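Hello,

Here is the structure I promised to pass on to you. Please open it alongside this email, and I will walk you through what turned up.

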Amino acid sequence: MANTTEEPLLKTHTFEDTLLDCHVIFHVIKMKDSLFLWIGDQGNFDSLAVAMKTPYSTSPVSSALMGHSADDYSCSLAAQLSERIKMQVFASYNLSRSDSNFITIIARRLIKEITDNPNKF
């Protein structure tokens with residue numbers, strides 16, 4: 001008989017919060033060696049970035065894969081999260097509000113969720 005206690009290849013985690021009067025949805029897909037993070041308020045998918053540690057840099061290297069090249073919020077979040085959880089991170093920031101103060105609040109909320117639920121990340 002097959003072992004039924006194997007961990008699934010993909011784990012999902014969704015949480016929501018209201019930050020500065022903006023309803024924010026966070027959707028996480030944890031894979032074996034990487035993490036996908038979608039942050040949004042309307043269900044759109046307008047940007048995608050990836051970040052990962054390399055032997056050539058002390059901090060994660062990030063790159064925009066999709067979306068506006070001037071929009072570096074996805075890159076910033078991917079790099080911060082990759083540094084925190086020590087794995088490759090794909091991040092998609094899709095909020096209508098996009099100022100640097102709000103990005104800081106989003107990052108703090110993510111860190112709180114990682115601290116409260118480390119098995120989800």
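Helices (H or I, at least four residues) and strands (E, at least two) are DSSP runs, numbered from the N terminus.

Before going further, a word on the model. This is a predicted model, in which local features need pLDDT of at least 70 and side-chain atom pairs count only at pLDDT 80 or more, while totals for chains, interfaces and linings use all residues. Residues are numbered from 1 along each chain as its sequence is written, and side-chain values use heavy atoms, with hydrogens and water left out.

Leu20 has a phi near 50°, a positive value in a residue other than glycine. Asp21 lies in the loop between β1 and β2 too, and its phi is near 65°, again positive in a residue other than glycine. Leu20 counts as partly exposed because its relative accessibility is 44%, while Asp21, at 80%, counts as exposed. (Buried means under 20% relative accessible area, exposed over 50%, and partly exposed in between, with a 1.4 Å probe and protein chains only.)

The largest nonpolar core has 27 residues, and Val24, Ile39 and Ile106 touch the most other members. (Such a core is a set of buried Ala, Val, Leu, Ile, Met, Phe, Trp, Tyr and Cys residues joined through side-chain atoms within 4.5 Å.) Two or more residues each come from β1 (11–19), β2 (22–30), β3 (34–40), α1 (73–85), β6 (88–94) and α2 (100–116). The most come from α2, which gives six residues. In soluble globular proteins, nonpolar side chains tend to be buried together. Leaving aside neighbours within four places in sequence, Ile106 is in contact (heavy atoms within 4.5 Å) with Leu19, Val24, Phe26, Ile39, Leu77, Tyr93 and Leu95.

Now for the two helices. How do α1 and α2 pack, and at what angle? Their axes are 11 Å apart and form an angle of about 30°, so α1 is roughly parallel to α2. (Axes are lines fitted to C-alpha atoms, for helices over the stretch in contact, and angles run from 0 to 180 degrees between N-to-C directions; under 35 degrees counts as roughly parallel, over 145 as roughly antiparallel, 65 to 115 as roughly perpendicular and the rest as oblique.) On the α1 side the contact is made by Tyr73, Leu77, Gln80, Leu81, Arg84 and Ile85. On the α2 side it involves Ser100, Ile103, Ile106, Ala107, Leu110, Ile111, Ile114 and Thr115.

Thr104 lies in α2 and, at 37% relative accessibility, counts as partly exposed.

Not counting residues up to four places away in sequence, Ser82 touches Ala51, Met52, Lys53, Pro60, Met87 and Val89. Lys30, in strand β2, has its C-alpha atom 7.0 Å from that of Lys120, 90 residues apart along the chain.

Best wishes
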